[in-house]
Amino acid sequence: MISKLVATVALCLGLAASPLGAQESYPRHPIRLVVPFPAGGPTDVFARQYAARMSVVLGQPMVVENKSGAAGAIGSTEVARATPDGYTLLFGTASTHGLYNLLSKNPKYDSLKDFAPVAIVGSAPAVVVVHPSGPADLAALVATVKANPGKLQYGSPGTGTFLHLAGEMFKTEAGRLDIPHIPYKGSAPAMNDLIGNQVGMVIDTLGTSLEQHRGGKARILAVASAKRSELAPDIPTVDEALGTKGFEAGLWNVVAAPKGTPAPELAVLAEATRRVMVEPEVQAQLRRIGIDPVIDSSPAKAVAFVERERARFGPVVQAAGVSID
């Protein structure tokens, strides 16, 4: 009896440690994960960390392929049109799946109709950043802008980017503030002008602006998340700073397959993703680069999340009157 019990326990432990793919008919060969942005950026770094752990869990390589261009639309369109067999996936973002169909007058794909989301895997919260000589806190910033409408300008990585629209949403939520937008070609030049005091405010992500904040070159006034970040617990949320409720703006990431991918394959990918995202080391790696990991997503939850984000930003895009065509 004891020997039989030991054998059963050993078998269970072996199954728990074995790759998920070893117990399934899928996957039988490598999976391609398309990143619709250039190599080396935050999305690419996250995708490669995810793919490395998924390769172990699935028992088959997950190979990252960068297909950049048109603000992520080129790579996203390629995946939307790929064979729905579970071997081509997209590492999408708020831009490709939350904003694209709101901003494009002639979209090449629909982020809900042409994709089968696997999971939301993380979100990098937006932050309000000013020059060190600027307002000491967010309430003071709002008061300054209201007393001097149109004088303060804010920079973003470009017109129609998520951070641009997060800035427009902030202006509305904070009391319809008059803060003209200055589009840059990326976050780095916007931050450089902020440090040089050429622009008064920048909307950035926590991970990419924290070094300047800690070095005294810039001051992060608030983070647009539901709770304070473990990476910078001294920085208040927008809700804390202004007394608003539910103000959140995060540059999120979604893993998605082409629409029509069989349910069993999606289930395997979703379970493998869950296993990866609950790993303490994975969570620690993401938090170190300013990304809040999502550990409880699923295909159904991911669809609902994308739907909510598109509905939430629809009025913002309409009010801003911007398009990417």
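Visitor: How do the lining residues of the largest pocket divide into nonpolar, polar and charged?
Guide: This is a predicted model. In it, the lining of the largest pocket has 20 nonpolar residues, 18 polar ones and one charged.

Visitor: What volume does that largest pocket have?
Guide: About 1000 Å³.

Visitor: Which residues lie nearest its centre?
Guide: P42, T43, P157, S187 and L251, out of a lining of 39 residues.

Visitor: And which elements supply at least two residues of that lining?
Guide: The helices are α2 (42-58), α4 (94-103), α6, α7 (187-195) and α8 (206-214), and the strands are β7 and β9.

Visitor: OK, next one. What is the volume of the second largest pocket?
Guide: The second largest pocket comes to about 680 Å³. Its lining has 28 residues, and S123, A226, E248, D292 and V294 are the closest to the centre.

Visitor: Which elements give two or more residues there?
Guide: β4, β9, β10 and α12 (299-320).

Visitor: How is the lining of the largest cavity divided by class?
Guide: Twelve of its residues are nonpolar, with no polar and no charged ones. Among them are F170, I203, V238 and F247.

Visitor: Which element has the largest share of that lining?
Guide: β4, with three residues. Along with β4 (115-130), both α6 (162-173) and β8 (219-223) supply at least two. The lining includes A126, V127 and V128, residue numbers that fall within the 115-130 range of β4.

Visitor: β4 keeps coming up. Why is it described as largely enclosed?
Guide: Because 15 of its 16 residues are buried, β4 is largely enclosed by the rest of the structure. Buried here means under 20% relative accessible area.

Visitor: Which strands does it pair with, then? Start with β9.
Guide: β4 pairs with β9 (residues 250-258) in the antiparallel sense, over nine bridges.

Visitor: How many with β8?
Guide: Four, again with the strands antiparallel. V130 stands opposite R219 in β8.

Visitor: What about β10?
Guide: β10 is residues 292-293, and it pairs with β4 in the antiparallel sense over two bridges. S123 stands opposite D292. S123 and D292 are also among the residues closest to the centre of the second largest pocket.

Visitor: Last topic. What is the mean pLDDT of the protein?
Guide: The mean is 92, and 93% of the residues reach 70 or more.

Visitor: Where does pLDDT stay under 50?
Guide: Over residues 1-17. For that stretch the model has two contacts beyond four places in sequence.

Notes: Residues numbered from 1 in each chain as written. Predicted model: local features only at pLDDT ≥ 70, side-chain atom pairs only at ≥ 80, totals over all residues. Heavy atoms only, no water. 1 Å grid on protein atoms, 1.4 Å probe; cavity = no way out; pocket = protein on both sides within 12 Å on 5 of 7 lines; lining within 4 Å. Nonpolar A, V, L, I, M, F, W, Y, C, P; charged D, E, K, R; others polar. Buried < 20%, exposed > 50% of the residue type's maximum accessible area, 1.4 Å probe, protein only. Pairing = 2+ DSSP bridges. Points joined across faces, edges and corners; volume = space filled by probe spheres on them. pLDDT = per-residue confidence, 0-100. Contact = heavy atoms within 4.5 Å.
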